[in-house]
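I opened my notebook to go through one structure, piece by piece. Here is what I looked up.

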Amino acid sequence: MQIPAFVDKNPIVRRLPTPVRTRVEAYVDHLNAVLAVENLRVMTRLAPSAARGLFLRQGRSGRARMQARHRAWFDFDYPHDNPEMRALYEKAKRLQWNGATDLDWQTSVDPYDPATPLVDRGFVDWSVFERAGFRPDARARKTFVLKLTAWMLSQFLHGEQGALLAAAQVTEATEQFDGKFYGATQVMDEARHVEVFHRYLTEKLELRYEINDNLFTIIDGLMTDGRWDMKFLGMQILVEGLALGAFATLRRTTHEPLLRELLRRVIHDEARHVRYGILALAPHYRRLSERERREREDWAFEVVVLMRNRFLAHELYEEDFAHLMSRREWNRLVEQMPGLETFRRTMFRRLVPNLRAIGLLTPRVARHYERVGLGRYIHLPSTDRLSDAQMMAG
Ligand SMILES: [Fe+2]
Ligand SMILES: [Fe+2]
């Protein structure tokens, strides 16, 4: 079900002042995203978060309050109940690093220096922009790349804050005691990630964007769901999978040494987080009833589709391009950006096999992944089977 693309052609909408037209187009675009959710149960579950994120735009108000509903578990027997998680906890303690002192913050970052471009030349296809009537000179191209990089890093930053809070919730909500030990190290990891991304944006790029409405919606959905496994699934598998894809893509393309090292260290930490998600969820999902497992399968599929279609730098569009083109035209343009296409491929290479590893890619739902063009990722190795070098290669 889709609303017809009347907005592009409607003469009344076209004549609206740019800020009003931008708002109308955003609502229609969001409504289309919500209506594209095919599973009614999933749509009902996502609706409150979508209302807060997409329509009330609570992510843009500086602060947001999310009502947690999970149950916290104490265990006064202090059991040693999962040796693999305990081993991961030991590993995480050994590999802690200090974001303030282990990165060289003295590095001078100049986004306009041709020797250290923020992203490779091929990341943006300028001919597509030129066809849309935007013909930037060399400096304006660098400014655009700076803004695009700051937009991506800002989404990483906000995602990391979501991960920090979700990891704290998961530490309370998991019944496994070794899981709580490991979870505590992840809370520390995520705080460090917030610290380094925030510092990089503030001190080096001097630019930061608001949270993307769709990312807010996904984070809101998992933070307010009372079931511990939905938090794991949403954060450790889906959002972390997205993050691993994004970090690896940006690390491969950037020539800026501080950012490369920052991302290398963060990717190492994130790989542990995804591993934790697989360790916790695979046995749990084997025990669920058919009906409960189906609900998770459908929810994960819809969130994956949302992630594929919705990270289109609209914050950048609203700032600089709304007077030049419609939102639909922008969407088409960004979808053709080679760097973001690589990012989507890397993200699904990470994410889809992990869904298989936890048992959420049964033949029933695999058909849907095939239908939307993601079938080729199903049988690739999951993150827990990859070496560090493979993880960095993306
Ligand atoms: Fe993180
Ligand atoms: Fe993480």
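How many Å does helix 4 (residues 40-55) span between its end C-alpha atoms? I found only 19 Å, while a straight helix of 16 residues would span 22 Å at 1.5 Å a residue. The expected span is 1.5 Å times one less than the number of residues. Helices here are DSSP runs of H or I with at least four residues, strands are runs of E with at least two, and both are numbered from the N terminus.

**Ground rules.** I noted that this is a predicted model, where local features need pLDDT of at least 70, side-chain atom pairs count only at pLDDT 80 or more, and totals for chains, interfaces and linings use all residues. Residues are numbered from 1 along each chain as its sequence is written, and chains are lettered from A and ligands numbered from 1 in the order in which they are written.

**Helix 4 again.** I looked for a bend. A kink of about 45 degrees lies at alanine 47, shortly before proline 48. The bend is the angle between axes fitted to the seven residues ending at a residue and the seven starting there. Buried residues in helix 4 include Leu46 and Ser49. Buried means 20 or more other C-beta atoms within 10 Å of a residue's own; 12 or fewer means exposed, and in between is partly exposed, with C-beta atoms placed from the backbone. Just after helix 4, arginine 57 takes a positive phi of about 50 degrees.

**Whole chain.** I counted 17 helices and zero strands in the protein chain. Its radius of gyration is 21 Å, which agrees with the value near 21 Å for a compact globule of 394 residues. That radius is taken over C-alpha atoms, and the globule rule is 2.2 Å times the number of residues to the power 0.38. Buried residues make up 42% of the chain.

**Core.** Which residues touch the most other members of the largest nonpolar core? They are Leu238, Ala246 and Ala300, among 88 residues. Helix 10 (residues 228-253) gives the largest share, 15 residues. A nonpolar core is a set of buried Ala, Val, Leu, Ile, Met, Phe, Trp, Tyr and Cys residues joined through C-beta atoms within 7 Å.

**Threonine 185.** I found threonine 185 in helix 8 (residues 177-205). Is it buried or exposed? Threonine 185 counts as buried because it has 23 C-beta neighbours inside 10 Å.
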